[in-house]
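Hi,

Here is the structure I said I would pass on.

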Amino acid sequence: MEMVRLYGKAPYKIVLVHGGPGAIGSLKGFAQELAELSQIGVVETLQSKYSIAELIEELYIQIKDNCSNKVTLIGHSWGAWLVAFLAEKYPELIEHLILIGSGPLEDKYVSEIGARRFQNLSAEDGAILQRLIDNQATDEDMEKIPNIFEKTDNYCLESREEHKADKTDSEMHNKVWSEAAKLRTSGKLLKSFQNIKNKIYLIQGKVDPHPVKGVTIPLQENGVLCETYVLEKCGHSPFMEKYAKDEFYKILTQVIA
């Protein structure tokens, strides 16, 4: 599998990290638009490993091979945690650290996500989502998950082909997410955030099922500096949202500049 896709011209100073785990290629539309708007070279990284430690090292290599200076590192959804793990281990690589649609950092906020999602679903879709939560999703389930999340995670999508993942990997999702969830439960996830030397920027949609307080309150309570932007009329993926997209790109370009 190709490890990265490049947009715009070198030097490449922005690095995008997709979610899932296993939603491979889901940021291509975002990468293209950001490169055009910012006039800065963008690297879209593609994950191929099945453990967090391997994913951290893969991302490190992707940055070192394609970028000559410090980068703006942007992680979406699960990718927000992966960029945090990288920032903890390799702070010297990062100019700006931006999290989009991050999951909560402590277990006590997790029940809100399911409650917000299930109220919008049929029994059949709810069963698929439950298998995903239980790390028992099949490849067939993973193909249906994007359409389910369109119903649960968004405000008003601009539905465009370039925002769809090229491939969904159920094995990657089940293995990596199982590991990540244990890190949250044990407190090691929050500890990683406490160890980050770089300033953190958080961008979250107001109707994202992931409650923004699940990130901001744990960080505040542990003295972690975080500049937070909450977008109105916006769900989990601001770059796909009709009413929030312009404000989202305005914030991004300001932070990067």
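Which element gives the most to the lining of the largest pocket? Before I answer, keep in mind that this is a predicted model.

The answer is α6, with seven residues in that lining. The pocket itself has a volume of about 1,200 Å³. It is lined by 50 residues, and the closest to its centre are Gly20, Ser77, Arg117, Ile145 and Phe149. If you want to trace the lining by element, those that give two or more residues are α3 (78–89), α4 (110–118), α5 (123–133), α6 (139–152), β7 (167–168) and α7 (170–186).

Next, the packing of α3 against α2. Helix α2 covers residues 52–66, and its axis comes within 10 Å of the α3 axis, crossing at roughly 75°. An angle of 65 to 115 degrees counts as roughly perpendicular, so α2 is roughly perpendicular to α3. From the α2 side, Ile52, Leu55, Ile56, Glu57, Leu59, Tyr60 and Ile63 take part in the contact, and they meet Trp78, Leu82, Phe85, Leu86 and Lys89 of α3. By type, the residues of this contact are ten nonpolar and two charged, with no polar ones.

Just after α9 comes Gly223, with a positive phi of about 70°.

Is Gln204 buried or exposed? Its relative accessible area is 0%, and buried means under 20%, so Gln204 is buried. Leaving aside residues up to four places away in sequence, Gln204 touches Ile100, Gly101, Ser102, His210, Val212, Tyr229, Val230 and Leu231. Val255 lies 51 residues from Gln204 along the chain, and the C-alpha atoms of the two are separated by 15 Å.

Happy to go through any of this with you at the screen.

Cheers

Terms used. Residues are numbered from 1 along each chain as its sequence is written. This is a predicted model: local features need pLDDT of at least 70, side-chain atom pairs count only at pLDDT 80 or more; totals for chains, interfaces and linings use all residues. Side-chain values use heavy atoms; hydrogens and water are left out. Helices (H or I, at least four residues) and strands (E, at least two) are DSSP runs, numbered from the N terminus. On a 1 Å grid over the protein atoms alone, a cavity is a set of points where a 1.4 Å probe fits but cannot get out, and a pocket is an open set with protein on both sides within 12 Å along at least five of seven lines; lining residues have an atom within 4 Å of a point. Grid points are joined across faces, edges and corners, and a volume is the space filled by probe spheres set on the points. Axes are lines fitted to C-alpha atoms, for helices over the stretch in contact, and angles run from 0 to 180 degrees between N-to-C directions. Angles under 35 degrees count as roughly parallel, over 145 as roughly antiparallel, 65 to 115 as roughly perpendicular and the rest as oblique. Contact means heavy atoms within 4.5 Å. Ala, Val, Leu, Ile, Met, Phe, Trp, Tyr, Cys and Pro count as nonpolar, Asp, Glu, Lys and Arg as charged, and the others, Gly among them, as polar. Buried means under 20% relative accessible area, exposed over 50%, partly exposed in between (1.4 Å probe, protein chains only).
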